[in-house]
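Please look over the structure below.

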Amino acid sequence: VDAPFAGQRPKADGIVTATPGLIIGVVTADCGPILFSDPQAGVIGAAHAGWKGALNGVLENTIAAMEVLGARRKSINAVLGPSISQDNYEVGPEFVSTFVSTDPGFKTFFQPSIKQAHAMFDLWGYTIDRLEKAGVEASCVNICTYADEDRFFSYRRTTHRREPDYGRQLSAIMLKG
């Protein structure tokens with residue numbers, strides 16, 4: 001994007017810009033907010049990466065969109081913000097099967113759960129692995145949205161409590177003008 005949206009904003013899980021002073025961001029509530037920056041090229045990006053987005057290429061597509069604006073992979077830094085940790089991300093066998101059928105090596109992102117036939121998914125590790133394999137410098141803030149209820153909303157925590165709705169976090173980035 002190169003200007004604020006006029007009217008209704010598009011539905012997307014990734015956004016990039018090279019326009020100084022324009023704030024871009026993503027909204028999450030357990031999924032991974034990833035902020036990207038290539039300070040040398042003056043290009044930034046933001047992506048919303050839950051398991052589906054991460055598995056289906058939102059990270060790589062955001063990086064590719066940054067490259068169209070002049071970014072270089074080896075100069076891009078990506079930070080995974082507050083999101084759900086493996087300690088709180090229990091999934092069923094069909095979820096594990098989806099990942100392992102895509103790449104058997106993805107088994108490393110699952111640990112056994114105390115619940116029969118379930119596993120604990122490492123969204124942080126998976127996201128960082130995808131970013132590094134895409135050729136960018138990546139880090140994680142290691143803050144769990146589910147566990148830190150004083151500071152963060154959590155879709156999963158709200159669902160477990162059968163609450164009617166949940167809030168969201170906004171992660172944003174801007175190039176200085």
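This is a predicted model: local features need pLDDT of at least 70, side-chain atom pairs count only at pLDDT 80 or more; totals for chains, interfaces and linings use all residues.

## Aromatic pairs and cores

Phenylalanine 95 and phenylalanine 99 are about one helical turn apart, because four residues separate them in helix α3 (residues 93–102). Helices here are DSSP runs of H or I with at least four residues, strands are E runs of at least two, and both are numbered from the N terminus.

Residues are numbered from 1 along each chain as its sequence is written, and side-chain values use heavy atoms, leaving out hydrogens and water.

The structure holds 16 aromatic pairs. Rings of Phe, Tyr and Trp (its six-membered ring) pair if their centres lie within 6.5 Å; planes under 30 degrees apart are stacked, over 60 edge-to-face, the rest tilted. Two of the pairs are set out here.

| Pair | Centres | Planes | Class |
|---|---|---|---|
| Tyrosine 89 and phenylalanine 121 | 5.4 Å | 75° | edge-to-face |
| Phenylalanine 95 and phenylalanine 99 | 5.1 Å | 25° | stacked |

Tyrosine 89 is buried, at 8% relative accessible area. Phenylalanine 121 is buried too, at 0%.

One aromatic cluster includes Trp51, Tyr89, Phe95 and Phe121.

The largest nonpolar core has 37 residues; Phe36, Phe121 and Leu131 touch the most other members. Such a core is a set of buried Ala, Val, Leu, Ile, Met, Phe, Trp, Tyr and Cys residues joined through side-chain atoms within 4.5 Å. Helix α4 gives this core its largest share, five residues.

In α2, Leu59, Glu60 and Ile63 meet Thr127, Arg130 and Leu131 of α4, with contact meaning heavy atoms within 4.5 Å.

Definitions and conventions
Buried means under 20% relative accessible area, exposed over 50%, partly exposed in between (1.4 Å probe, protein chains only).
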